[in-house]
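Subject: Structure handover

Hi,

Here is the structure for you to look over. My notes on it follow below.

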Amino acid sequence: MSYISDIYTGIKTLLTGMSVTGKYFLTSRKGAITQQYPDNRSTLKMFERFRGEVVMPHDENNEHQCTGCQKCELACPNGSIEIIWDRGIDEATGKKKKFIDKHIYHLGLCTMCGLCIEACPTDAIVWAQNFENSTYDRTQLTKVLNRPGSKVKAGVED
Amino acid sequence: MNISLNITETIQEWLIGFMPEGVASILGMSIVALIYLAIFAVAGLYLVLLERKVAAWFQLRIGPNRVGYWGLFQTMADALKLVSKELTGTVKADKFLYNLAPYFVIISSLMALAVFPFTKEFQAFDINIGIFFLIAISSVGVIGILLAGWSSNNKFALIGAMRSGVQTISYELSIGLSLLTMVLLTGSLQLSEIVETQKEGWLILQGHVPAVIAFMIYMIAGTAETNRAPFDMVEAESELGAGFHTEYSGMKFAYFFLAEFINMFIIAAIATTVFFGAWLSPFGITESIPWLGVFWFLGKTLMLVFLMMWFRWTFPRLRVDQLLTLEWKYLLPINLVNIVIMAIIVWLNLTIKF
């Protein structure tokens, strides 16, 4: 008698499926997941873990947390990060100290793998969530992450 | 309100006023044909839009909403684009059959529209073998699909067309037999008479259990007949490109596409006429206003079209062997038993009549 029970279970399971999609259909108005992108530009917020581009946050005193250790430069598999550094005299201690001149980031080379951010011991570089990265000229994709005149935050190196 | 809905007679009488009778009847038929063509070309476009909107709602999306208010002109724009596109073809295609195939498909589906009773007297062609005519015409379309697949000189198109042949010819049986079950109740093939008998209750109520079984079989077979998912073996995007119309572009592609949606409307309209009382309103609430019948007919048809869309966006696709198992091992035997049950019910007068 499996013939009749097959028909019964067949119809039953099909109706179960239809009730599931039917519920979706009825509640679709509330739950629409479509983002109407250019229209909602002002309110659109990307997710926290979205990888847009690498940035170096600066605080209000124009201080960053990069010690110039170059771990990010070494971690990068395709050479997107280039650090130009120098040695100078630390004013507080009078010792010789390494500091960064330019933290150069090639967005055009970056594959958003995130290894540099994992490698950074001081959380100096983080992911930004902006995704409108297209430009008319690729030279604009080469960015200097530390702002001019910025210096390393005191106490980061300890 | 006194609108004359019998368009064929109205136009012919108006034409006879200033030309000989023979010319007038031919011209009258052409005018009616053109009116139907215009109405259903636009209706087909809006069915496409409805499908896209319904699909979007089932998948928690929004659907087309850019062209015109609420996306209402989206498919119009698509049609304009398709008209302006180049008609391409393969080098070694059988040119004559290749060009002929889309017309087979679209003409056969438009011909079927002529017999539907949209409301009392609003019926272009009240043929006395209406149901038979519909079944016959709806199987002509498959010739177009086979021709298209064969003449494209493309392996995928040919496989798609052959699958279509297998599928349509198998499911034709179920459509015919399930409609035959209902014909046992009405005792007539003429669509206007089928509607007359339903004034004592829609046939799905009159025939109760076997009628409901027949309706379910009809909807399954109808979905398969129009080559829609879950039975879209023919177009099978995942394995065959676009199936039989892989090599078509522009307006010829649009004919196939439009025919698919008009076929869906036809399947739903046959179900409306045979099972749900065509233009009759429930409990006869608007019987005094005859032109409201169009509203009831289209309303019921769109409900059934929606049901088919619901199937499409719920069920997983079948394999070819599962498709044939469903038809030959399940639908057909059930259908044959169902006819016997219906015959016994009609014989013993167990039908429900109000």
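A helix here is a DSSP run of H or I of at least four residues, and a strand is a run of E of at least two. On that basis, chain B has 13 helices and zero strands. Please keep in mind that this is a predicted model.

Chain B

Read along the sequence, chain B is α-α-α-α-α-α-α-α-α-α-α-α-α. Its radius of gyration is 21 Å, close to the 20 Å that the globule rule gives for 354 residues, so chain B is as compact as a globular protein of that length. Along the principal axes, its C-alpha atoms fill a box of roughly 60 × 60 × 45 Å. Of the 354 residues, 52% count as buried.

One residue in chain B: Pro282

Where does B:Pro282 sit? It is in the loop between helix 11 (250-275) and helix 12 (292-312) of chain B. B:Ala43 is 239 residues from B:Pro282 in sequence; in space the two are 25 Å apart, C-alpha to C-alpha.

Chain A

Chain A has four helices and seven strands. From the N terminus, they run α-α-β-β-α-β-β-α-β-β-β. The radius of gyration of chain A is 26 Å, well over the 15 Å that the globule rule gives for 158 residues, so chain A is more spread out than a compact globule. Its C-alpha trace spans about 90 × 40 × 30 Å along the principal axes.

The domain assignment gives domain 1 (2-33) and domain 2 (53-152). Their centres, taken over C-alpha atoms, are 54 Å apart.

Buried residues make up 30% of the 158 in chain A. Among contacts between residues at least 6 apart in sequence, 72% join residues at least 24 apart. Chain A exposes about 11100 Å², with 56% supplied by carbon and sulfur atoms. There are 20 positive and 19 negative side chains in chain A, and the centres of the two sets lie 6 Å apart.

Best wishes

Conventions. Residues are numbered from 1 along each chain as its sequence is written. Chains are lettered from A and ligands numbered from 1 in the order in which they are written. This is a predicted model: local features need pLDDT of at least 70, side-chain atom pairs count only at pLDDT 80 or more; totals for chains, interfaces and linings use all residues. Side-chain values use heavy atoms; hydrogens and water are left out. The radius of gyration is taken over C-alpha atoms; the globule rule is 2.2 Å times the number of residues to the power 0.38. Buried means under 20% relative accessible area, exposed over 50%, partly exposed in between (1.4 Å probe, protein chains only). Contact means heavy atoms within 4.5 Å. Accessible areas come from the Shrake-Rupley method with a 1.4 Å probe; for residues, only the protein chains shown count as cover. Lys and Arg count as positive and Asp and Glu as negative; His and the chain ends are not counted. The place of a charge is taken as NZ of Lys, CZ of Arg, CG of Asp or CD of Glu. Domain bounds come from an automatic or database domain assignment.
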